[in-house]
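Please open the model in your viewer and keep the selection panel at hand.

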Amino acid sequence: MQLSLHADYSLRLLIYLGTHPEETVATEQVSRAYGISKHHLVRVVQTLAMHGYVAVSPGRSGGVKLAKAPREIRLGELVRRAEPNLKLVECFDGVTNTCPIVGACRLQGYLEDAMQAFLAELDRHSLADLLAGKREALDGLLQEIRQA
């Protein structure tokens, strides 16, 4: 299984914001820190704002900041909302499925169980868990990346 860039960047953005909890951060700053497209990051911010994870302040001195406490941001929930396609294989989509053995195959059930276990594991953790004891180290690494 592989998460889309959208979900990956969603996680990265929240980690970045978690290392700057009192700041409103410009998307350009995050874009430079991670070396990712500002255009793509803006779409990520829109998704996260729509789901209440971040607050956006428009304008020249605007930016984005966490709208929830890190302990309230469950990673599994975030992935479900940020990942546009959690269909691991074609047969997960009854509308577009063309697999001729779907009725007799057990693979779909096994993969669904695996997906639920993956998400359940992420549900056990929050953004606060990702940041615990690492906030300074993460911030230091991001500063080094920005200066390079």
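Select E121 to begin: at 37% relative accessibility, this residue counts as partly exposed, where buried means under 20% relative accessible area, exposed over 50%, and partly exposed in between (1.4 Å probe, protein chains only). The model is a predicted one, in which local features need pLDDT of at least 70 and side-chain atom pairs count only at pLDDT 80 or more, while totals for chains, interfaces and linings use all residues. Residues are numbered from 1 along each chain as its sequence is written, and side-chain values use heavy atoms, with hydrogens and water left out.

E121 forms a salt bridge with R124, and their closest N and O atoms are 2.8 Å apart; the term denotes a side-chain nitrogen of Lys or Arg within 4 Å of a carboxyl oxygen of Asp or Glu. R124 is exposed, because its relative accessible area is 54%.

Move to helix α1, residues 5–18, and select D8 and R12. Both residues lie in this helix, 4 residues apart, about one turn; helices (H or I, at least four residues) and strands (E, at least two) are DSSP runs, numbered from the N terminus. The closest N and O atoms of the D8–R12 salt bridge are 3.0 Å apart. D8 counts as partly exposed because its relative accessibility is 25%, and R12 likewise counts as partly exposed, at 27%.

Now select helix α4, residues 75–82, with E77 and R81 highlighted. These two residues are 4 apart within the helix, about one turn. E77 forms a salt bridge with R81, the closest N and O atoms lying 3.2 Å apart. E77 is partly exposed, with a relative accessible area of 26%, and R81 is partly exposed at 37%.

Stay on α4 and ask which of its residues are buried. They are L75, G76, L78, V79 and A82. Viewed down the axis of α4, these buried residues fall within an arc of 160°, so they line one face of the helix; the arc is that of the directions from the helix axis to the C-beta atoms. To see what covers them, display α1, α3 (38–50), α5 (107–123) and α6 (127–131), which are among the covering elements.

E72 counts as partly exposed because its relative accessibility is 44%. Select S126 as well: the C-alpha atoms of E72 and S126 are separated by 6.7 Å, although the two residues are 54 apart along the chain.

The next stop is the largest pocket, with a volume of about 210 Å³. On a 1 Å grid over the protein atoms alone, a pocket is an open set of points where a 1.4 Å probe fits, with protein on both sides within 12 Å along at least five of seven lines, and lining residues have an atom within 4 Å of a point. Grid points are joined across faces, edges and corners, and the volume is the space filled by probe spheres set on the points. Of the 15 lining residues, select T27, V56, S57, G62 and G63, the closest to the centre of the pocket. The elements giving two or more residues to the lining are α2 (27–34), α3, β1 (54–57) and β2 (63–66), and α3 supplies the largest share, 4 residues.

Finally, display the whole chain. What is the order of its elements from the N terminus on? They run α-α-α-β-β-α-α-α-α, for a total of 7 helices and 2 strands. Of the 148 residues of the chain, 34% count as buried.

Key
Contact means heavy atoms within 4.5 Å.
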